[in-house]
Amino acid sequence: MKTSRIYLFMLMAMVMSFGMIACGNDDDKSNPEGGGGAVNIVGVWRLVSVNGSTDLQYEAKRRYSFNSDHTYLLEDQKNDNRTWRKRNGGTYVFGNNKIILTRTGYYSGSDYYRYDTPIVEPAEVVSMSDKTFTISDGKNTLVFERESYNDSAKNNNGGTNGGSDGGSGNTSIVGVWRLTDINGNTDLQYEAKRRYTFSRDQTYLLEDQKNDNMNWRRRNTGTYEVRDNKITLTRTGYYSGEYLYWYDSPIVETVDIASQSQNSFVIKLTEYSYGQPVEYSMTFVRESYDGGGSGGDALPDSIRG
């Protein structure tokens with residue numbers, strides 16, 4: 001019995017590391033869900049001033065492309081002052097008067113390189129209209145103007161340059177996936193009975209099963225990226241009852257995909273116990289191909305773009 005309890009404790013510790021526990025008494029919460037305004041952010045936005053100065057030099061001449069699938073691309077202008085160079089990309093969340101970028105990689109020439117650890121860059125949205133928006137990162141105030149309403153995600157079937165490819169290899173992860181075993185143990189208890197909904201717009205929703213073993217409870221939500229046999233989750237908020245609370249600092253979690261087929265996938269991750277690495281494996285099976293849009297209504301309308 002003692003061995004069984006220790007093993008269960010280890011499993012639950014591992015589950016927590018993959019962002020599966022998000023309790024209602026979390027101390028790192030901000031206000032409940034709210035909008036960044038009703039303005040659609042999807043499109044191309046060019047930086048026009050920094051702290052009131054319009055004399056932008058070198059790499060300050062930049063623009064962002066925000067897509068409906070929650071991917072973004074950052075470019076800077078070349079010396080000819082006409083053409084653009086790709087710099088970095090990743091996923092974004094817009095809402096609650098914030099814009100949160102999760103930078104997952106950068107470009108060197110035409111080649112894209114993924115960061116080992118994604119970089120989260122939150123900023124406050126000071127003001128926004130259909131043509132301009134102003135943000136503050138705590139040090140600088142930046143004003144952007146809209147160049148176009150173009151949504152490149154609709155043109156390349158899921159993800160802009162630097163964003164997600166929507167799957168590992170040719171298998172799409174979009175759909176509903178239920179956790180079935182941890183290190184081969186199928187006797188899942190309490191909050192280990194979980195499932196993810198990965199949506200086409202790069203958002204996800206995590207749920208756990210209620211005591212009736214039939215219905216599901218929403219736990220947390222955010223954006224995801226699948227690339228190079230890895231899944232990166234950017235957890236932006238959690239649920240307490242029906243209310244969504246935003247984290248002041250989003251949480252980024254990356255795990256390896258050990259194997260994947262149309263109906264199941266296995267992830268691997270490593271925990272450290274007393275300084276020693278311990279490997280864990282989690283198996284998910286597909287419940288449906290329906291990814292919906294925005295993680296089964298996991299995010300406010302303002303985030304969906």
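The model is predicted: local features need pLDDT of at least 70, side-chain atom pairs count only at pLDDT 80 or more, and totals for chains, interfaces and linings use all residues. Residues are numbered from 1 along each chain as its sequence is written, and side-chain values use heavy atoms, with hydrogens and water left out. The protein chain holds three helices and 19 strands. Helices (H or I, at least four residues) and strands (E, at least two) are DSSP runs, numbered from the N terminus.

**The chain as a whole**

- Of the 305 residues in the protein chain, 49% are buried, where buried means under 20% relative accessible area with a 1.4 Å probe, protein chains only.
- The accessible surface of the protein chain is about 14800 Å², and carbon and sulfur atoms hold 45% of that surface. Such areas come from the Shrake-Rupley method with a 1.4 Å probe.
- Among contacts in the protein chain with a separation of 6 or more, 55% are between residues 24 or more positions apart. Contact means heavy atoms within 4.5 Å.

**The barrel**

- Eight strands close into a barrel in the order 2-3-4-5-6-7-8-9, with antiparallel pairing. On average, neighbouring strands of this sheet are turned by 35° against each other, direction ignored; the axes behind this angle are lines fitted to C-alpha atoms, and angles run from 0 to 180 degrees between N-to-C directions.
- Two strands pair if DSSP finds at least two bridges between them. Strands of a sheet pair through backbone hydrogen bonds, either parallel or antiparallel.
- Strand 5 (residues 84–95) is mostly covered, with nine of its twelve residues buried.
- On one side, strand 5 pairs with strand 4 (residues 71–77) in the antiparallel sense over seven bridges, and L73 has G89 in strand 5 as its bridge partner. The hairpin of strand 4 and strand 5 has six residues between the strands, and N81 in this turn has a positive phi of about 60°.
- Strand 5 also pairs with strand 6 (residues 98–108) in the antiparallel sense, over eight bridges, with G90 opposite R103 in strand 6. Two residues lie between strand 5 and strand 6 in their hairpin, where N96 in the turn has a positive phi of about 55°.
- Strand 8 (residues 132–136) and strand 9 (residues 141–148) are paired in the antiparallel sense over five bridges, and T132 stands opposite E145 in strand 9.

- Ten bridges link strand 16 and strand 17 in the antiparallel sense, and G237 faces W246 in strand 17. Their hairpin has two residues between the strands, with G241 in the turn at a positive phi of about 65°.
- Strand 17 and strand 18 pair in the antiparallel sense over four bridges, with D256 opposite K268 in strand 18. Three residues join strand 17 to strand 18 in a hairpin.

**Nonpolar cores**

- A nonpolar core is a set of buried Ala, Val, Leu, Ile, Met, Phe, Trp, Tyr and Cys residues joined through side-chain atoms within 4.5 Å.
- The largest nonpolar core has 23 residues, of which I173, F198, Y224, I231, F265 and F284 touch the most other members. Strands that each supply at least two residues of this core include strand 12 (175–182), strand 15 (216–227) and strand 19 (276–288).
- Apart from neighbours within four places in sequence, Y224 has contacts that include T91, I173, F198 and L233.
- A second, separate core of 19 residues includes W45, Y64, I135 and L142.

Definitions and conventions: Buried < 20%, exposed > 50% of the residue type's maximum accessible area, 1.4 Å probe, protein only.
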